[in-house]
Amino acid sequence: MIKARVTVTLKNGVLDPQGKAIEHALGGLGFSGVDSVRQGKVFDVVLETSDRAKAEAELKAMGEKLLANTVIEDFAVEVL
Amino acid sequence: MKAAVILLPGLNRDRDMIAALTKISGQAPQTIWQTETSIDDDVDLIVIPGGFSYGDYLRCGAIAARMPVMQAVREKAEKGTRVIGVCNGFQILLEAGLLPGALMRNASLKFVCREVKLEVTNAKTAFTQGYSQGQVIRCPVAHHDGNYFTDPGTLADLEASNQVAFRYTADTNPNGSLNNIAGIVNKAGNVLGMMPHPENLIEPAHGGSDGRALFESALGLVDA
């Protein structure tokens with residue numbers, strides 16, 4: 001079994017109104033000095049294989065085909 | 001022309017769409033469940049209605065776009081069959097790659113349910129020929145993720161090839177869409193996606209019938 005984490009983030013230049021709202025809320029809680037917040041998603045995936053290279057290739061395909069919308073998002077695969 | 005409506009779990013505007021198509025075309029549309037892998041040759045118009053397919057999980061329309069029926073819709077679209085996606089249907093068409101761009105959370109972060117005004121930006125498409133160029137029509141919207149976004153190159157390309165079919169008037173843009181975009185067609189002109197709900201304004205009982213000409217156009221009921 002291989003455990004992996006796929007992190008999906010908005011591309012640079014894509015407006016993130018939710019991140020902005022969180023940034024303002026942090027300011028309201030007294031956390032001054034927050035320059036910016038961008039919201040993303042994390043997927044923890046457990047694969048049956050023990051072949052690391054195969055797992056990485058498969059996770060990359062999953063990111064491209066479903067987990068991220070590559071029009072607006074980037075993703076990173078991390079095998080844990 | 002024969003119409004068909006795609007059904008997916010979580011859609012909730014399917015009955016409104018079926019009622020509108022039945023009223024305007026005089027016959028009930030065929031309904032096609034998400035697991036179907038082919039669509040009959042004699043279907044001339046495919047409509048994906050609005051709602052919250054798969055609970056908007058992952059991203060609006062993301063799961064629906066990967067269901068078997070969408071491959072069948074893609075094959076029909078490539079052969080020139082007309083396809084309309086309204087609201088969640090628009091989100092599904094974008095996620096399926098049948099139209100360019102993406103729909104993001106409304107800039108206000110609020111769900112918006114109200115009437116807007118739409119400018120018919122291109123009255124030459126198969127879906128808008130029942131309107132006149134630049135005509136302003138009323139149309140209801142109801143969505144949380146209708147903020148149209150794409151990269152600058154694609155946006156310039158959409159504008160240059162007259163693929164913007166409908167624009168919100170500047171003072172009624174409900175979601176922050178780039179260039180006030182409310183609806184676009186593909187390059188071939190046979191696939192339309194739009195956030196507003198024309199099916200909810202097709203008869204006097206709805207308070208107006210500004211949406212009717214869209215379906216009359218798509219169904220070939222107006223003179224080109």
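**Two chains, one annotated site**

Glu199(B) sits in a loop of chain B, between strand E11 (191-194) and helix H5 (212-218). Keep in mind that this is a predicted model.

Is Glu199(B) buried or exposed? Buried: 30 C-beta neighbours lie inside 10 Å, and the cut-off is 20 or more. What does Glu199(B) touch, leaving aside neighbours within four places in sequence? Asp16(B), Met17(B), Ala20(B), Val86(B) and Gly211(B).

Why start there? UniProt, in an unreviewed entry, lists Glu199(B) as "active site", together with Cys87(B) and His197(B). These residues span 113 positions in sequence, yet no two of their C-alpha atoms are more than 11.1 Å apart, so they gather at one spot.

Now Cys87(B). It occupies the loop between strand E4 (82-86) and helix H3 (88-95) of chain B. Cys87(B) is buried too, with 29 other C-beta atoms within 10 Å. Not counting residues up to four places away, its contacts are Arg13(B), Gly50(B), His143(B), Met195(B) and His197(B). His197(B) is itself in the UniProt annotation.

Over to chain A. Two helices and three strands. The order along the sequence is β-α-β-α-β. The radius of gyration is 16 Å, well over the 12 Å that the globule rule gives for 80 residues, so chain A is more spread out than a compact globule. Its C-alpha atoms fill a box of roughly 45 × 25 × 15 Å along the principal axes.

How much of chain A is buried? 14% of its 80 residues. And the contacts? Take those between residues at least 6 apart in sequence: 66% join residues at least 24 apart.

Conventions: Residues are numbered from 1 along each chain as its sequence is written. Chains are lettered from A and ligands numbered from 1 in the order in which they are written. This is a predicted model: local features need pLDDT of at least 70, side-chain atom pairs count only at pLDDT 80 or more; totals for chains, interfaces and linings use all residues. Helices (H or I, at least four residues) and strands (E, at least two) are DSSP runs, numbered from the N terminus. The radius of gyration is taken over C-alpha atoms; the globule rule is 2.2 Å times the number of residues to the power 0.38. A residue is buried if 20 or more other C-beta atoms lie within 10 Å of its own, exposed if 12 or fewer, and partly exposed in between; C-beta atoms are placed from the backbone. Two residues are in contact if their C-beta atoms, placed from the backbone, lie within 7 Å. UniProt positions are given in the numbering used here, feature names are shortened, and annotations may be inferred rather than shown by experiment.
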